Amino acid sequence: MRNKFDEQLLDLNDKLIQMGALIESAIANAVSALNEQEIETANKAIDFDIEIDRAEKEIESLCLKLLLQQQPVARDLRLISSALKMITDMERIGDQAADIAEITIQLAKSKKVKIPKHIRSMAQTTIQMVNDSIDAFVKKDLNLAYSVIKCDDTVDNLFDMVKDSLIKHLVENVNTGEQAIDLIMIAKYFERIGDHATNIAEWVVFSITGTHKNY
């Protein structure tokens, strides 16, 4: 019985890694589409969201089966409960990558927009946070998880700079107000992705240590 349970836990681990790869691809495509304002690449990011939703349901079903049909010990219970929490944040990252892609499509249909450097920095930082949070889970790496958590302040500070800069631009250039609002929304989605990557890292910490807290 335990051997079968261990096999199912390995399957859960593999499925989480696969879902992680999907969200990494979704956000990478969303960022590439934004930088180049390419509609085709933006549509790829949106398509990944459908696969991510499917992966979430599959993992959720497996977790519930493990909880109901098996008798997990404390360590296993931490892993399963962490997985259930993680997939919620991973699914939302997929949603927000799709949201960025949808706004990018609208921007690409109008005059090409210069992407502010702070949004580019947010994009780079959040991609790294997402990748590292998944790697921390795969490698059971506490230090990497903690480094993701520390990066959240960097993303929040960048968002404040983007917001202040674009609000000023909005006041001074009324004719480009709609584009400025779109860029603020994109920055907000990146800020949320950073929050979800942080949540994933915190659940990785919990799965390893049994301790969960906001840092």
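This is a predicted model: local features need pLDDT of at least 70, side-chain atom pairs count only at pLDDT 80 or more; totals for chains, interfaces and linings use all residues.

Which handedness does the crossing of α4 and α6 have? I looked it up, and the crossing is left-handed.

**Entry 1: α4 and α6**

I stayed with this pair for a moment. The axes of α4 and α6 (residues 177–209) lie 9 Å apart, and the packing angle is about 20°. Under 35 degrees counts as roughly parallel, so I put α4 and α6 down as roughly parallel to each other.

**Entry 2: α3 against α6**

Next I checked how α6 sits against α3. Their axes come within 9 Å and cross at roughly 165°. The cut-off for roughly antiparallel is over 145 degrees, so α3 is roughly antiparallel to α6. I noted a left-handed crossing here too, where α3 passes α6. Then I sorted the residues of the α3 and α6 contact by class: 20 are nonpolar, eight are polar and seven are charged.

**Entry 3: α2 against α3**

How close do the axes of α2 and α3 come? They get within 8 Å, with a crossing angle of roughly 165°. I took α2 as residues 39–69 and α3 as residues 74–109. That angle makes α2 roughly antiparallel to α3. The handedness came out left-handed for α2 and α3. In the contact of α2 with α3 I have 20 nonpolar residues, three polar ones and eight charged ones.

**Entry 4: the UniProt record**

UniProt, in an unreviewed entry, lists "domain: PhoU" for residues 17–104 and 119–204. I then looked at the stretch covering residues 17–104 in the model. The chain there is 93% helix and 0% strand.

**Entry 5: positive phi in loops**

Gln 37 has a positive phi, near 50°. Gln 37 sits in the loop between α1 (2–36) and α2. Is Gln 37 buried or exposed? Its relative accessibility is 10%, so I count Gln 37 as buried.

Lys 140 also has a positive phi, near 55°. I found Lys 140 in the loop between α4 (117–139) and α5 (142–172). Lys 140 has a relative accessible area of 41%, so I wrote it down as partly exposed.

**Entry 6: cysteines**

How many disulfides does the count come to? I get zero, taking a disulfide as a pair of cysteine sulfur atoms within 2.5 Å. Cys 63 is buried, at a relative accessible area of 0%. Cys 151 is partly exposed, at 29%.

**Entry 7: Val 205**

Val 205 has a relative accessible area of 1%, so it goes in my buried column. I also checked the distance from Val 205 to Ala 45, which is 160 residues away along the chain. Their C-alpha atoms are separated by 29 Å.

Note on methods: Residues are numbered from 1 along each chain as its sequence is written. Side-chain values use heavy atoms; hydrogens and water are left out. Axes are lines fitted to C-alpha atoms, for helices over the stretch in contact, and angles run from 0 to 180 degrees between N-to-C directions. Helices (H or I, at least four residues) and strands (E, at least two) are DSSP runs, numbered from the N terminus. Angles under 35 degrees count as roughly parallel, over 145 as roughly antiparallel, 65 to 115 as roughly perpendicular and the rest as oblique. A crossing is left-handed if the near helix is turned anticlockwise from the far one by less than a right angle, and right-handed if clockwise. Ala, Val, Leu, Ile, Met, Phe, Trp, Tyr, Cys and Pro count as nonpolar, Asp, Glu, Lys and Arg as charged, and the others, Gly among them, as polar. UniProt positions are given in the numbering used here, feature names are shortened, and annotations may be inferred rather than shown by experiment. Buried means under 20% relative accessible area, exposed over 50%, partly exposed in between (1.4 Å probe, protein chains only).
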